[in-house]
Amino acid sequence: MFKVLKVDHIGIAVKNLEESKKFYTEVLGMTALGEEVVEEQKVRVCFIPTGDSEVELLESTSPDGPIAKFIEKNGEGIQHIALRVDNIEAALADLKEKGIRLIDEKPRYGAGGASIAFIHPKATGGILLELSERK
Ligand code: ZN
């Protein structure tokens, strides 16, 4: 059994992290956390928390990374939505049992030390959905 706890964050693909960050910090007055590079996903990440959720800005560190490919195809914008779950292993086992198409069968490392896994957009009505567990 698992439970979805909240919308954890909204992932936004950007070409230039520094430039995009300014809108949230200087225009909207939000406070950005530190940046982190997740090599495995060829991405530089910055979280900007607000209330119980966060905005996640994602900049590709390589032209062949998933974020670069997303921008090439769709332009900058919302790339995924993440839901916080209480037990990601249980969530993936449950979804697998229900025949839901997953991108990640096993949890992997996500920015900020979260355990994350993506559900295929074909299974969610067109949204790349990330499940995230933080201990
Ligand atoms: Zn994310």
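Colleague: What is the bridge partner of Ile81 in S8?
Modeller: Leu129 is the bridge partner of Ile81. This is a predicted model, where local features need pLDDT of at least 70, side-chain atom pairs count only at pLDDT 80 or more, and totals for chains, interfaces and linings use all residues. Residues are numbered from 1 along each chain as its sequence is written, and side-chain values use heavy atoms, with hydrogens and water left out.

Colleague: In which sense do S5 and S8 pair, parallel or antiparallel?
Modeller: Parallel, over four bridges, with S5 covering residues 77–85. Pairing takes at least two DSSP bridges between two strands; strands are DSSP runs of E, at least two residues, numbered from the N terminus.

Colleague: And how many bridges join S7 to S8?
Modeller: Five; S7 (residues 114–119) and S8 run antiparallel. Ala117 stands opposite Leu131 there.

Colleague: Why is S8 largely enclosed?
Modeller: Because five of its five residues are buried, meaning under 20% relative accessible area with a 1.4 Å probe, protein chains only. Leu129, Leu131 and Glu133 lie on one side, Glu130 and Ser132 on the other.

Colleague: Switching to the metal: which residues coordinate the zinc ion?
Modeller: His9 (NE2), Glu56 (OE), His80 (NE2) and Glu130 (OE), at 2.1 to 2.2 Å. Donors are N, O and S atoms within 2.8 Å of the metal (3.2 Å for Na, K and Ca), and water is not among the atoms, so sites may look incomplete.

Note on methods. Buried < 20%, exposed > 50% of the residue type's maximum accessible area, 1.4 Å probe, protein only.
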